[in-house]
Amino acid sequence: MSLVSEEFPDEVPLRAEEITIPADVTPERVPTHIVDYSEAEQSDEQLYQEISKANVICIVYSVNNKKSIEKVTSHWIPLINDRTDKDSRLPLILVGNKSDLVEHSSMETILPIMNQYSEIETCVECSAKNLKNISELFYYAQKAVLHPTGPLYCPEEKEMKPSCIKALTRIFKISDLDNDGILNDNELNFFQRTCFNMPLAPQALEDVKNVVRRNMTDGVKGNGLTLKGFLFLHTLFIQRGRHETTWTVLRRFGYDDDLELTQEYLFPLLKIPPECTTELNHNAYLFLQSVFDKHDKDRDCALSPDELKDLFKVFPYMPWGPDVNTTVCTNEQGWITYQGYLSQWTLTTYLDMQRCLEYLGYLGYSIIHEQESQAAAITVTRNKRIDLQKKQTQRNVFRCNVLGARGSGKSGFLQAFLGRNLAKQKRIRDDHKSYYAISTTYVYGQEKYLLLHEVLPDFEFLSETDLACDIVCLVYDISNPHSFEYCAKAYKKYFIDSKTPCMFIAAKSDLHEVRQQYGLSPLDFCRRHKLHPPQLFTCNTADAPSKDLYNKLTTMAMYPHSIPERGPSGPQLSWTCTICDLCVGVCVCVRSHTKLRCRCTCNRCNLCLCQNLLNCELLRSIRAILYSGVLIRLGLWVDELSAYLSTDEESSLIHQVHAVSFVEDSVYMESSVNHLGPSHMTQADLKNSTFWLRASVGATVFAVLGFAMYKALLKQR
């Protein structure tokens with residue numbers, strides 16, 4: 001009542017009314033609800049209900065009444081502790097009231113009690129009559145809730161608790177940007193600016209170091225603060241009652257009152273629409289690169305087991321198991337390379353975005369990059385249907401599901417993608433095998449990630465995840481006569497009506513090929529379903545297997561309507577008709593000659609129109625008539641020339657002109673009839689032949705122009 005009215009009432013009631021102090025008048029800017037309890041007016045049940053709802057409890061005693069002080073330990077504290085869990089005790093504030101009636105302090109009597117009960121945050125002596133320390137009382141009550149001592153410090157042992165040391169150690173390692181075990185001036189200023197929004201002045205930095213030097217021998221090293229010195233500073237803050245300093249640091253790095261990272265910090269909200277995927281953006285890759293460089297102490301572009309363990313010290317558990325080494329690229333010693341390190345992060349982001357956010361939270365991404373949350377590191381790609389409609393994509397990660405019967409070579413196909421031949425694959429332990437493989441490929445000079453997923457050969461129960469991908473690989477063993485049957489049935493059941501590109505892989509091509517026990521050979525099956533012919537593959541090589549096939553798969557996944565392929569005759573380019581969605585044709589460049597083979601039946605696309613124009617009956621008849629007329633004209637001209645040379649030299653020039661005119665007329669008359677027919681023509685036939693000759697010339701010009709336009713369109717596509 002004295003706090004609200006700022007004066008002592010003439011008549012003090014047994015119990016004050018409930019009071020709410022608004023947030024804008026409190027130092028911590030939080031609303032405070034005060035509930036008074038009177039043992040004379042209220043029952044124990046009412047007290048228990050209020051205890052269950054309280055965040056902090058003030059036990060008031062009279063400094064001039066010894067029985068009142070004794071009742072604190074004999075009644076009130078046991079009663080409160082019996083109603084709360086041992087691991088989550090409520091903070092207590094001891095309030096010595098009526099200090100205006102005595103000249104001495106009760107602190108000598110209270111200090112043993114405070115040492116006995118760790119839940120007691122502090123003790124305040126006040127006077128409601130003189131308004132002494134009334135506002136300070138409620139300030140300490142708020143502070144006990146917002147910045148409790150219990151989770152941080154153990155008064156009996158006079159040191160920080162293990163959970164607090166663990167949290168501050170993680171904060172130190174995140175702030176140690178160069179991983180040298182020392183916080184230099186730049187790192188200390190970055191830490192200060194991150195937590196308190198202001199840097200430290202140079203003199204203030206030196207003062208902090210001097211305090212540590214005076215109390216510890218190894219707290220400062222090389223003019224930088226070591227981990228021991230960092231922990232000592234926070235112990236000093238807590239011992240001097242500046243809990244808020246340590247709590248500000250802890251909460252900035254995502255910790256709650258139990259010194260656990262909050263769910264809001266680890267898993268920020270990020271909505272993923274259907275048929276969209278998640279990828280790391282450029283800033284995220286830069287951050288991960290800095291983390292890799294920070295822990296790659298020997299600069300060999302690979303993380304040894306010790307370096308990897310040091311990297312994950314900020315995690316509460318080891319996130320990567322031994323299967324990661326068979327999922328990404330490693331060096332000769334089996335250590336994860338820089339490329340493999342980024343590939344594993346890419347895989348985690350694609351398959352389990354929430355786990356990726358959690359991992360980035362442990363590493364302190366949002367703090368180092370000064371972002372609101374880890375969600376800023378994630379890019380949500382465009383809907384795949386829109387990519388197909390626009391025939392372009394901005395995605396960088398493409399998924400390829402690998403299907404095949406048991407023993408067909410799927411695992412070898414995955415491991416060969418990581419540069420491991422058959423000899424290296426035999427060294428992999430069965431319990432370390434992975435069903436995923438991810439690495440980089442190149443599509444027209446652009447670096448992309450290809451994710452291979454080996455689907456278990458359970459033909460009847462393929463899930464939506466097994467079918468959702470950008471391209472499908474159907475692997476069969478050419479030395480097993482029953483291997484192709486599984487691939488053919490899987491294609492006809494799941495992918496024949498799908499827009500997902502498919503490719504058959506003829507694995508173990510180094511072995512003798514046998515005839516497959518299926519109605520069609522693999523080549524005929526692919527021809528019938530307008531697929532690419534089976535691609536030969538083997539991992540039984542002396543060196544690392546070639547990546548050409550994987551580059552081709554990535555290109556097919558990236559451009560399902562324009563799929564580069566390399567055949568036996570040279571580079572090939574095939575595409576899909578935009579109208580009938582079938583594989584239209586293949587342009588095969590052989591020694592600067594171009595062949596066109598159309599396999600589309602829609603008769604509406606540009607390719608079909610050009611092809612039909614070249615093969616139409618009208619153009620064929622015009623071409624035949626033109627050839628016939630030219631041949632007849634040349635034949636008659638040769639005959640007349642021979643006759644002219646055999647005539648008398650005295651023939652007049654007029655006769656020569658008439659002879660030439662006769663030849664021209666004969667050619668014109670014969671150009672419209674068969675050269676085997678009669679040579680006599682009427683005037684109508686002459687006009688008709690003239691028309692056809694002109695039509696032939698016009699059609700020829702039109703055909704040449706049309707073919708040139710077709711070539712231009714083909715080049716553009």
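The model is predicted, so to speak of a local feature takes a pLDDT of at least 70, and side-chain atom pairs count only at pLDDT 80 or more, while totals for chains, interfaces and linings use all residues. Residues are numbered from 1 along each chain as its sequence is written, and side-chain values rest on heavy atoms, with hydrogens and water left out.

Of the 717 residues in the chain, 44% are buried. Here buried means under 20% relative accessible area, exposed means over 50%, and partly exposed is anything in between (1.4 Å probe, protein chains only).

Next comes a pair of helices. Two packed helices are described by the angle between their axes and the distance between the axes. Helix α9 (residues 227–239) and helix α10 (residues 243–252) have axes that come within 7 Å and cross at roughly 130°. That makes α9 oblique to α10. The axes are lines fitted to C-alpha atoms, for helices over the stretch in contact, with angles running from 0 to 180 degrees between N-to-C directions. Angles under 35 degrees count as roughly parallel, over 145 as roughly antiparallel, 65 to 115 as roughly perpendicular, and the rest as oblique. On the α9 side, the contact is made by His234, Phe237 and Ile238, and on the α10 side by His243, Thr245, Thr246 and Val249. Sorted by class, the contact of α9 with α10 has 3 nonpolar, 4 polar and no charged residues. Nonpolar covers Ala, Val, Leu, Ile, Met, Phe, Trp, Tyr, Cys and Pro; charged covers Asp, Glu, Lys and Arg; the others, Gly among them, count as polar.

One of these residues gets a closer look. His243 sits in helix α10 and is buried, with a relative accessible area of 12%. Setting aside neighbours within four places in sequence, His243 is in contact with Lys143, His147, Thr149, Phe237 and Ile238. The side chains of His243 and Thr149 are joined by a polar contact of 2.7 Å. Such a contact is a pair of N or O atoms within 3.5 Å; within protein, one must be able to donate a hydrogen and the other to accept it, and residues adjacent in sequence count only if both atoms are side-chain atoms. His243 and Leu146 are 97 residues apart in sequence, yet 9.4 Å apart in space, C-alpha to C-alpha.

A side chain can also reach the backbone. Thr555 lies in helix α23 (residues 548–558) and is buried at 6% relative accessible area. The side chain of Thr555 reaches the backbone oxygen of Asn551 at 2.7 Å.

Then there are the charged pairs. Side chains of opposite charge can pair when their charged atoms come close. The whole structure holds 18 salt bridges, each being a side-chain nitrogen of Lys or Arg within 4 Å of a carboxyl oxygen of Asp or Glu. Lys384 and Asp470 form one of them, at 3.5 Å from N to O. Lys384 lies in helix α17 (residues 384–390) and Asp470 in the loop between α20 (464–467) and β17 (471–477), so the pair ties together parts that are 86 residues apart in sequence. Lys384 is partly exposed at 24%, whereas Asp470 is buried at 4%. Asp310 pairs with Lys313, the closest N and O atoms being 3.9 Å apart. Asp310 is buried at 11% relative accessibility, while Lys313 is exposed at 54%. Lys173, Asp310 and Lys313 are linked in a network of salt bridges.

Last come two backbone angles. Most residues other than glycine have a negative phi. Asn223 has a positive phi near 65° and is found in the loop between β8 (220–221) and β9 (224–225). Glu370 has a positive phi of about 55° and is found in the loop between α16 (365–368) and β13 (378–380). Asn223 is partly exposed at 38%, and Glu370 is exposed at 54%.

Conventions
Helices (H or I, at least four residues) and strands (E, at least two) are DSSP runs, numbered from the N terminus. Contact means heavy atoms within 4.5 Å.
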